[in-house]
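Student: I would like to learn how to read contacts around aromatic rings. Please start with the model itself.

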Amino acid sequence: MAQKPRSTKPRSTPATAPRLGKALKRSFFDRSVHEVAPDLIGTTFLVDGVGGIITEVEAYHHSEPAAHSYRGPTPRNQVMFGPPGFSYVYRSYGIHWCVNFVCEQPGSASAVLIRALEPTHGLAAMRRRRGVEDERALCSGPGKLCEALGITIAHSELPLDRPPISLHARLEAPDIVAGVRIGITKAVDLPWRYGLKGSKFLSKRF
């Protein structure tokens, strides 16, 4: 019996990953968290070469009660009080890892939570780690993207401009939307969530 030919239907994943902008340095984060957060939309975030375009973030500042740093330094959040340009990884609800980028001068204890990505690099690895095929579901939330990129507590307190982490500047200016943050019970009225307008790769619509 002749074998059936394999399907030639193209996958939704592009054959080649899009080109990358210049590498961002830690100095990029040495300014107000409210400037850094929207400026991260459209940049590319990779861990060991796996990741994609940042489509959604949230800003947190020590002066408001939703921030982990609000009550001062602890062993868990100590990195937030240090210099900018480092990662802060924590466990959410005892289940999911979440990754943040520390901003502002030492002592400010401000950070940006990375909420969602558009997968562009290493989709096979992401699908294997997440156990899902739909690329829109791979990184559509802070816990999902950490699982897809293989981020754990071992990635906390790492510089954002050295391996295994790399960040790359966006190649064009995106349309950005803002709204209130998600999944918090304090300071819920602050419009410190930013996203890529019209993106299919968000944790929740704006």
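**Rings and core**

Tutor: Arg-91 lies over the face of Trp-97, 3.9 Å from the ring centre. A charge counts as over a ring if NZ of Lys or CZ of Arg is within 6 Å of the ring centre and within 35 degrees of the ring normal. Arg-193 is placed over the face of Phe-206, at 3.7 Å from the ring centre. This is a predicted model, in which local features need pLDDT of at least 70, side-chain atom pairs count only at pLDDT 80 or more, and totals for chains, interfaces and linings use all residues. Residues are numbered from 1 along each chain as its sequence is written, and side-chain values use heavy atoms, with hydrogens and water left out.

Student: How many aromatic pairs does the rule give?

Tutor: Rings of Phe, Tyr and Trp (its six-membered ring) pair if their centres lie within 6.5 Å; planes under 30 degrees apart are stacked, over 60 edge-to-face, the rest tilted. The count here is 4 aromatic pairs. Phe-29 and Phe-101 have ring centres 5.7 Å apart and planes at 80°, so this pair is edge-to-face.

Student: Is Phe-101 buried or exposed?

Tutor: Buried means under 20% relative accessible area, exposed over 50%, partly exposed in between (1.4 Å probe, protein chains only). Phe-101 has 0% relative accessibility, so it is buried. The rings of Phe-45 and Phe-101 have centres 5.2 Å apart and planes at 85°, so they too are edge-to-face.

Student: Which residues form the aromatic cluster?

Tutor: Phe-28, Phe-29, Phe-45 and Phe-101 form one cluster.
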